[in-house]
Amino acid sequence: MAPGIETIEFVARSSHRVGVLESLHDGPTDRGSLREATGASSPTVGRILGDFLDHRWVERDGAVYALTPLGEFVADRFLALRDAMETEAKLRDVWRWLPLDMPGFGVDLFTDAVVSYPGPAYPYEPVERLSHLIESTSTLRGFDSIVYKSSNLETACGAVLDGMTFEYVFTPESLQGTFAWDPERIREVTACDHASVFVHDHLPGSDRCGLGIVDDRAGICCHDPETGALVAVVDTDAPEARDWAVSTFEEVKSEATPVDPSTVDTFQTP
């Protein structure tokens, strides 16, 4: 085994070892604080500190231990690798639905994302997450090509009628399907001064996802290309992700056609 891999394994095979390294990365501390932070016993903390001293990763000043420059180097790289692998594990199941072909999209934008994906015994997590995001915002912008589940449509319509600012770009087919859900409700929503509806024939990522922006978060709504069903919601409050989402939305909106509220009935199902 290569020396670098052996070192990674040496740290990674003990959660207490990782915990001590992470605690020392936050700053110098004593054994009691390390026991409290990691939950390890006093002998375990002692053995780990002894190993780290042997590796020249820590130095001791009385009762206080601190990382050496070599220890800082190891901690920086190891914890970054761990965080990257945690992001990979979080996004692995939803990767096939993410907007990989949208300009500017990157995994780094969603490292702190909340991923709402159906569990084996509870399939409603993405629907409930989307409802929560709509209910907790004063503005909603976005685009998508699917017709959402009626509970999400009712939540969005109720929020608009209660004053939420709404800008949304549909495909003609998805607006038609949304109108068919409840024509009178859609007429009420589109008549609001703070609601703007657009149509676009070729939305980016329309075969698998849409984009949504609420007050302080950006989200990706993933859907099954065969059924159109919502299968996951990936959202984050990272400013870089929100900036990317706003830029992408504005570009899509600039290419879309505004829908005059007086003509929304033309989107009735033939």
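These are my notebook entries on a predicted model.

**Ground rules.** Since local features need pLDDT of at least 70 and side-chain atom pairs pLDDT 80 or more, I kept to that, while totals for chains, interfaces and linings use all residues. I number residues from 1 along each chain as its sequence is written, and side-chain values use heavy atoms, with hydrogens and water left out.

**Entry: the largest core.** I looked up the nonpolar cores (buried Ala, Val, Leu, Ile, Met, Phe, Trp, Tyr and Cys joined through side-chain atoms within 4.5 Å). Buried here is under 20% relative accessible area, exposed over 50%, partly exposed in between, with a 1.4 Å probe and protein chains only. The largest core has 31 residues, and Tyr-148 and Phe-166 touch the most other members. Elements giving two or more residues to this core include α6 (125–135), α7 (150–161) and β10 (230–236). Helices (H or I, at least four residues) and strands (E, at least two) are DSSP runs, numbered from the N terminus. The largest share of this core, 5 residues, comes from α7. Apart from this core I found another, of 30 residues, with Phe-110, Val-169, Cys-209 and Val-234 among them.

**Entry: Tyr-148.** Leaving out residues up to four places away in sequence, I get Leu-130, Leu-153, Tyr-168, Cys-221 and Leu-230 as what Tyr-148 touches. Contact is heavy atoms within 4.5 Å.

**Entry: α6.** Its buried residues are Pro-126, Val-127, Arg-129, Leu-130, Ser-131, Leu-133 and Ile-134. They pack against β4 (114–116), β5 (139–144), α7, β9 (218–223) and β10.

**Entry: β5.** Since 5 of its 6 residues are buried, β5 is largely enclosed by the rest of the structure. I see 6 bridges joining β5 to β6 in parallel, and 3 joining β5 to β8 (residues 209–213) antiparallel. Strands pair if DSSP finds at least two bridges between them. Phe-143 has Val-169 as its bridge partner in β6 and stands opposite Leu-211 in β8.

**Entry: the open sheet.** Three strands form this one, in the order β1-β3-β2, with antiparallel pairing. β1 (29–30) and β2 are the edge strands, each pairing on one side only. Between β2 and β3 (residues 64–67) I note 4 bridges, and Glu-59 has Ala-66 as its partner in β3.

**Entry: Arg-56.** What is the phi of Arg-56? Near 65 degrees, a positive value in a residue other than glycine. Most residues other than glycine have a negative phi. Arg-56 lies in the loop between α4 (42–54) and β2 (58–61), and at 57% relative accessibility counts as exposed.
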